[in-house]
Amino acid sequence: MYLTKGRAQVPENLLLKPDIDFIRQVKSSGGETLKKCYQCATCSVVCNLSSKDHPFPRKQMMLAQWGMKDQLLADPSLWLCHQCNDCTTRCPRDARPGDALAALRAISFKEYAFPKFMGGALSNPGSLALLFLVPALVLLGILFKGSGSDLGYLFQMSGEVDYARAFPHGILEMLFIGGNILIFAFAAVGLLRFWNHLKSNHSKSPGSGFISALISTGMEIAFHKKFSSCEANKSRQWGHLLLFYGTAGSAITAGLALFFTIIMVKLGSPLAMAPPLDLPNPIKLLGVVSGLGMFIGGWILISRRRRQLDGVGKSNYIDWLFLIVIFSVGLTGMFSYTIRAFLPVPVIGYLIYYVHLILVFFLLWYAPYSKFAHMFYRTLALVYAKSTGWDKPRKTSPN
Ligand code: SF4
Ligand code: SF4
């Protein structure tokens with residue numbers, strides 16, 4: 001026999017099958033206060049991003065307490081949350097719903113990861129040394145291939161610093177551009193699984209509004225509009241914006257450098273540029289400004305988390321790892337450029353550049369498995385929510 005509630009039919013004797021491992025996983029990923037929740041719904045009332053028909057995070061707290069993994073991993077509301085923590089600061093039980101939703105998101109992209117073991121490796125501190133060892137060895141191989149047995153120039157205290165001699169551009173392009181085409185194909189597998197899971201768990205499918213949802217999501221991300229709806233954690237918006245545009249600018253710089261210094265050279269075009277690019281070359285200028293954005297944005301977010309300012313959520317391993325790596329990419333990038341252009345001490349320059357390349361490898365090759373992935377999953381979930389009307393703003397009190 002079935003009871004009818006709204007449009008959905010609910011079996012009278014519904015048997016819940018909690019996934020105990022999942023509950024443990026949520027608790028160990030930052031949601032350890034989950035069980036304190038007594039379902040008062042204060043959090044859903046105070047959340048400015050909660051939607052009309054699908055208010056959150058009260059429901060997600062309940063599903064997580066029950067270990068309803070499948071429903072949660074297919075829930076777009078997890079990704080409508082921007083961890084502003086207005087709910088956490090008002091929760092009468094200190095159940096920290098903002099942290100619980102962050103833990104659920106981290107579990108989500110780990111579960112969808114392809115190959116799955118990589119999702120586990122990036123969230124396990126025990127794998128960190130191996131994850132760094134791989135790029136360290138690959139780059140050493142490139143160094144030996146580029147330099148042959150003539151390694152003396154690397155250890156000089158003065159003289160020209162020529163990074164392209166140690167790490168030839170052609171091989172680096174293959175490593176970072178060719179390799180990333182492969183790794184983003186892997187990311188696409190995970191994202192496709194996520195998309196299909198979203199569609200199969202909900203009655204509404206993305207309709208003809210997909211393209212407008214995509215454009216609207218792009219605009220929302222470009223201006224970080226949702227962040228400005230937050231109260232407790234509002235100032236994070238600037239750090240996040242700097243980090244976002246710093247990373248995007250660095251990727252564009254790499255693409256432009258490849259285009260003008262390699263492709264145009266091969267085509268014999270008059271637009272070709274000879275490396276190294278130096279200021280005031282506009283590509284180098286974009287690179288320097290982007291590196292500064294990553295450095296300053298990363299610093300703002302790290303220092304907010306370190307000082308545990310009001311409304312800053314609990315920071316777990318994957319948060320710290322991502323922030324430290326991206327901040328260090330900006331820092332070592334700026335040092336590498338400064339040493340080559342203004343303070344040529346080859347031994348220091350080559351060492352810093354080597355560390356910089358290891359970090360860039362870490363950031364890009366592991367992007368589908370680190371916190372970087374939240375950008376892709378959030379974008380997809382927002383597109384789904386907009387194209388199905390899931391995220392309609394709330395006008396009445398949540399149920
Ligand atoms: S405010 Fe706290 S106790 Fe109340 S439903 Fe939300 S998480 Fe649970
Ligand atoms: S952290 Fe912010 S956006 Fe997320 S559920 Fe809480 S109040 Fe809403």
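In this predicted model, the side chain of Asn180 reaches the backbone oxygen of Phe176 at 2.4 Å, a polar contact in the sense of a pair of N or O atoms within 3.5 Å, where, within protein, one atom must be able to donate a hydrogen and the other to accept it, and where residues adjacent in sequence count only if both atoms are side-chain atoms. Asn180 lies in helix 11, which spans residues 169-200; helices (H or I, at least four residues) are DSSP runs, numbered from the N terminus. With a relative accessible area of 8%, Asn180 is buried, given that buried means under 20% relative accessible area, exposed over 50% and partly exposed in between (1.4 Å probe, protein chains only). When neighbours within four places in sequence are left aside, Asn180 is in contact (heavy atoms within 4.5 Å) with Leu175, Leu364 and Trp365.

Residues are numbered from 1 along each chain as its sequence is written, while chains are lettered from A and ligands numbered from 1 in the order in which they are written. Because the model is predicted, local features need pLDDT of at least 70 and side-chain atom pairs count only at pLDDT 80 or more, whereas totals for chains, interfaces and linings use all residues; side-chain values use heavy atoms, with hydrogens and water left out.

The search of the whole structure finds 11 salt bridges, each being a side-chain nitrogen of Lys or Arg within 4 Å of a carboxyl oxygen of Asp or Glu. Side chains of opposite charge can pair when their charged atoms come close. One of these bridges joins the side chains of Asp21 and Arg24, at 3.0 Å from N to O; the two residues are three apart in helix 1 (residues 20-31), and are therefore separated by about one helical turn. Asp21 is exposed, at 53% relative accessibility, and Arg24 is likewise exposed, with a relative accessible area of 52%.

A further salt bridge is formed by Asp319 and Arg305, whose closest N and O atoms are 3.8 Å apart. This pair links distant parts of the chain, with Asp319 in helix 15 (residues 317-341) and Arg305 in helix 14 (residues 282-307), 14 residues apart. Asp319 counts as buried at 7% relative accessibility, and Arg305 counts as buried at 12%. Elsewhere, salt bridges that share partners join Lys52, Asp53 and Lys392 into one network.
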